[in-house]
Amino acid sequence: MNKAKVLFLCTGNSARSQMAEAFLKKHGGGWYDAYSAGTEPKGIHPYTERVMEEVGVGLRVSIPTHQGIYGKVHFAYVITLCDDAEASCPTTFPGISQRLHWSFEDPAAFVGSDDEKLAKFREVRDPARTDNKRVVVRTT
């Protein structure tokens with residue numbers, strides 16, 4: 001069985017896309033091959049690792065990846081996780097069947113105490129607590 005390839009794309013590839021990739025690998029690994037990348041990749045934020053460990057999901061052993069590395073990969077889905085990535089995302093990846101946009105606030109950019117920052121990372125990690133009406137689907 002060929003698994004559908006899914007790319008999660010955000011700006012830094014340091015939090016949102018890393019979380020999404022890890023969750024899909026854990027919960028959809030039988031059906032999907034999950035990848036993540038950034039338009040301007042940075043190091044994985046330590047709070048990303050911490051909040052994912054809290055729910056028993058480890059991150060892949062890797063460094064953040066630039067979207068350009070996947071220029072010739074055929075993805076079934078490309079999912080942008082922030083408005084900046086949506087705006088700067090290449091208009092097409094070869095063979096893409098669906099492009100979706102799920103806008104999440106960047107927890108790494110949040111300013112506050114350590115407890116407040118951790119709360120913001122948890123809020124992004126747990127989208128069921130937020131408004132689910134943000135999904136936009138594009139077929140190409």
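**Salt bridges.** I looked up Asp33 and found a salt bridge with Lys3, in which the closest N and O atoms are 3.9 Å apart. The model is a predicted one, and I kept that in view for the entries that follow. I then checked where the two partners sit: Asp33 belongs to strand β2 (residues 32-38), while Lys3 lies in the segment before β1. The pair links distant parts of the chain, 30 residues apart. I noted the cut-off as well: the pair counts because a side-chain nitrogen of Lys or Arg within 4 Å of a carboxyl oxygen of Asp or Glu makes a salt bridge. My search of the whole structure gave 9 salt bridges.

**Helices α2 and α4.** I next took helix α2 (residues 46-54) against α4, whose axes come within 10 Å and cross at roughly 60 degrees. I recorded the crossing as right-handed. On the α2 side I listed Tyr47, Thr48, Arg50, Val51, Met52 and Glu54 as making the contact. From α4 I listed Asp114, Lys117, Leu118, Phe121, Arg122 and Arg125. Sorted by type, the contact residues of α2 with α4 are 6 charged, 5 nonpolar and 1 polar.

**Largest pocket.** I went on to the largest pocket and got about 290 Å³ of space. I counted 17 residues in the lining, with Phe8, Met19, Ala20, Phe23 and Trp102 nearest the centre of the pocket. The elements giving two or more residues to this lining are β1 (4-10), α1 (16-28), β3 (77-80) and α4 (114-125). I found that α1 supplies the largest share, 6 residues.

Terms used
Residues numbered from 1 in each chain as written. Predicted model: local features only at pLDDT ≥ 70, side-chain atom pairs only at ≥ 80, totals over all residues. Heavy atoms only, no water. 1 Å grid on protein atoms, 1.4 Å probe; cavity = no way out; pocket = protein on both sides within 12 Å on 5 of 7 lines; lining within 4 Å. Points joined across faces, edges and corners; volume = space filled by probe spheres on them. Helix = DSSP H or I, 4+ residues; strand = E, 2+ residues; numbered from the N terminus. Axes fitted to C-alpha atoms, helices over the stretch in contact; angles between N-to-C directions. Left-handed = near helix turned anticlockwise from the far one by under 90°. Contact = heavy atoms within 4.5 Å. Nonpolar A, V, L, I, M, F, W, Y, C, P; charged D, E, K, R; others polar.
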